[in-house]
Amino acid sequence: MKLSSSSLLFFSFHYLSFFAFFQELLFLFSQLLLAVHFIHASKILHRDIKPCNILLTGSKGNLLKLSDFGISKLLNTTNNARSIVGTPSYLSPELCLGKPYSIQSDIWAMGCVLYFMTTHKIAFQASNLGSIVNNILHGVLTDLQDQDTYDERLPRLIANMLEREPEHRPSTDQLMAHSLLVPHVYGLMLNCGLEYV
């Protein structure tokens, strides 16, 4: 197995913060989307999607790999996950409330990752677990409104992924059809990422 050259966390702080390439951001996120789409189609819930678990490889450092399936769960058609696992700042509201959850919980975490890639800030951060949970359940993300750098559709996309009600979050199929992501998803699916290795 080829070792990763860096994580998305490193990339976001050391690359995007200096150049803020919008298309590069969408290209990387589209790769994450395709990875999550694949595992969801295989009935796998990752449960710990966060920048540190997103690795960048390839000669250009822009080939994304989703890692750390240590707490992932294989779902069947009759059950949802119930155990509370994951990184606190990326937990979905249903997880915070101890409710059963499904693949929509991974969509929430992807929204948190996209927020981080866009603002260079953790969406729901606080000094203790109780405050993090309170922010997830009731907080407002104001930093998205200040993003003049990016296309106006991006804050809406992130807000849709961070809907507090899981049934209101888009599926990976719906995200793949989003007008911001279609060109990147289409390109990746056509060449299987071969030109980026």
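Val182, Tyr186 and Leu190 make a nonpolar surface patch of about 320 Å². Patches take residues with over 30% relative accessible area and no salt bridge; nonpolar side chains (Val, Leu, Ile, Met, Phe, Trp, Tyr) are joined within 5 Å, like charges within 9 Å. Areas come from the Shrake-Rupley method with a 1.4 Å probe, and for residues only the protein chains shown count as cover. Val182 sits in helix H8 (residues 182-191). It is partly exposed, at 36% relative accessibility. Buried means under 20% relative accessible area, exposed over 50%, and partly exposed in between (1.4 Å probe, protein chains only).

This is a predicted model: local features need pLDDT of at least 70, side-chain atom pairs count only at pLDDT 80 or more, and totals for chains, interfaces and linings use all residues. Residues are numbered from 1 along each chain as its sequence is written, and side-chain values use heavy atoms, leaving out hydrogens and water.

Now the overall fold. The protein chain has eight helices and five strands. These are DSSP runs, numbered from the N terminus: helices are H or I with at least four residues, strands E with at least two. From the N terminus on, the order is β-α-α-β-β-β-β-α-α-α-α-α-α. Of the 197 residues, 47% count as buried.

Next, helix H6 (residues 153-161). Leu154, Leu157, Ile158 and Met161 are buried there. They lie on the same side of H6, because they cover an arc of only 95° around the axis. That arc is taken over the directions from the helix axis to the C-beta atoms. The buried residues of H6 pack against helix H2 (22-41), helix H4 (104-119) and helix H7 (172-176).

The loop between H6 and H7 holds Arg169. Arg169 is buried, at 4% relative accessible area. Its contacts (heavy atoms within 4.5 Å) include Trp108, Met161 and Gln174. The Arg169 side chain also reaches the backbone oxygen of Gln104 at 2.9 Å.

The structure holds three salt bridges. Each places a side-chain nitrogen of Lys or Arg within 4 Å of a carboxyl oxygen of Asp or Glu. Glu94 and Arg169 form one, at 2.7 Å from N to O. This pair links distant parts of the chain, 75 residues apart, with Glu94 in helix H3 (residues 93-96). Glu94 is buried too, at 5% relative accessibility. Lys50 pairs with Asp48 at 3.8 Å between the closest N and O atoms. Both Lys50 and Asp48 are buried. Arg153 and Asp151 meet at 2.8 Å. Here Arg153 is partly exposed at 28%, and Asp151 is partly exposed at 24%.

Note on methods. Polar contact = N/O pair within 3.5 Å; in protein donor to acceptor, adjacent residues only side chain to side chain. Lists of a residue's contacts leave out its neighbours within four places in sequence.
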